[in-house]
Amino acid sequence: MKEFILIFRHENATGKVSPEQMEIWMKHQMDWVGGIAAQNKFVSGTGLLFDDAKVVDHQKLVTNGPFGDIKETIGGYVIVRAESANEAAEFAKGTPILQGEGNTVEVREILKQ
């Protein structure tokens, strides 16, 4: 069985969503992860904070980021076990993140050495 990372791309919702809405969203996300875990196919995952984020470029210049003018940014990830990218994509279809217009989930196989 292979491992795949599901990368959640969406707009920074900090300050745009009420704490109550965020709590509901987090419960839906945890239920979704629980469904994958019940199949023994959940490996790990977490959300990523925007506060104090940094970007380091090829010249080793450090700037604040992710940048506000970028519509889509990485908000978190989940790693799953699956037989194929298609199976992993089927898991991705169930995430509540896709309820947000323009949000996407990128599915990539993790290289094992």
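The talk below goes through some of the terms used for this predicted model.

Colleague: What makes Gln 29 buried or exposed?

Modeller: Gln 29, whose place is in helix 1, has a relative accessible area of 7%. Buried means under 20%, so Gln 29 is called buried.

Colleague: Which residues does Gln 29 touch, leaving aside those up to four places away in sequence?

Modeller: Gln 29 touches Phe 8, Thr 95, Pro 96 and Ile 97. With Thr 95 there is also a polar contact, made between the two side chains at 2.9 Å; the cut-off for a polar contact is a pair of N or O atoms within 3.5 Å, so the value of 2.9 Å meets it.

Colleague: How do you know whether Asn 40 and Lys 60 are buried or exposed?

Modeller: For exposed, the relative accessible area has to be over 50%. Asn 40, found in the loop between helix 1 and strand 2, has 58% and is therefore exposed. Lys 60, in the loop between strand 3 (54-56) and strand 4 (62-64), has 69% and so is exposed as well. Each of them also has a positive phi without being a glycine, about 60 degrees in Asn 40 and near 70 degrees in Lys 60.

Colleague: Why are strand 2 and strand 6 called edge strands?

Modeller: The open sheet has 4 strands in the order 2-5-1-6, with antiparallel pairing. Strand 2 (42-47) and strand 6 (104-109) each pair on one side only, and they are the edge strands. From one strand to the next, the twist averages 20 degrees.

Colleague: Why do you say that the buried residues of helix 2 line one face?

Modeller: The buried residues of helix 2 are Ala 88, Phe 91 and Ala 92. Seen down the helix axis, these residues fall within an arc of 105 degrees, so they line one face of helix 2. What covers them includes strand 1, helix 1 (19-38), strand 5 and strand 6.

Colleague: Which residues of the largest nonpolar core touch the most other members?

Modeller: This core has 14 residues, and those touching the most other members are Leu 6, Phe 8, Trp 32, Val 78, Val 80, Ala 88 and Phe 91. Strand 1, helix 1, strand 5 and helix 2 are the elements that give two or more residues to this core.

Colleague: Which residues is Trp 32 in contact with, neighbours within four places in sequence left aside?

Modeller: Contact means heavy atoms within 4.5 Å, and the residues in contact with Trp 32 include Leu 6, Phe 8, Val 78 and Phe 91. Ala 92, Gly 94, Thr 95 and Pro 96 are also in contact with Trp 32.

Definitions and conventions. Residues numbered from 1 in each chain as written. Predicted model: local features only at pLDDT ≥ 70, side-chain atom pairs only at ≥ 80, totals over all residues. Heavy atoms only, no water. Pairing = 2+ DSSP bridges. Axes fitted to C-alpha atoms, helices over the stretch in contact; angles between N-to-C directions. Buried < 20%, exposed > 50% of the residue type's maximum accessible area, 1.4 Å probe, protein only. Arc of directions from axis to C-beta. Core = buried A, V, L, I, M, F, W, Y, C linked by side-chain atoms within 4.5 Å. Polar contact = N/O pair within 3.5 Å; in protein donor to acceptor, adjacent residues only side chain to side chain.
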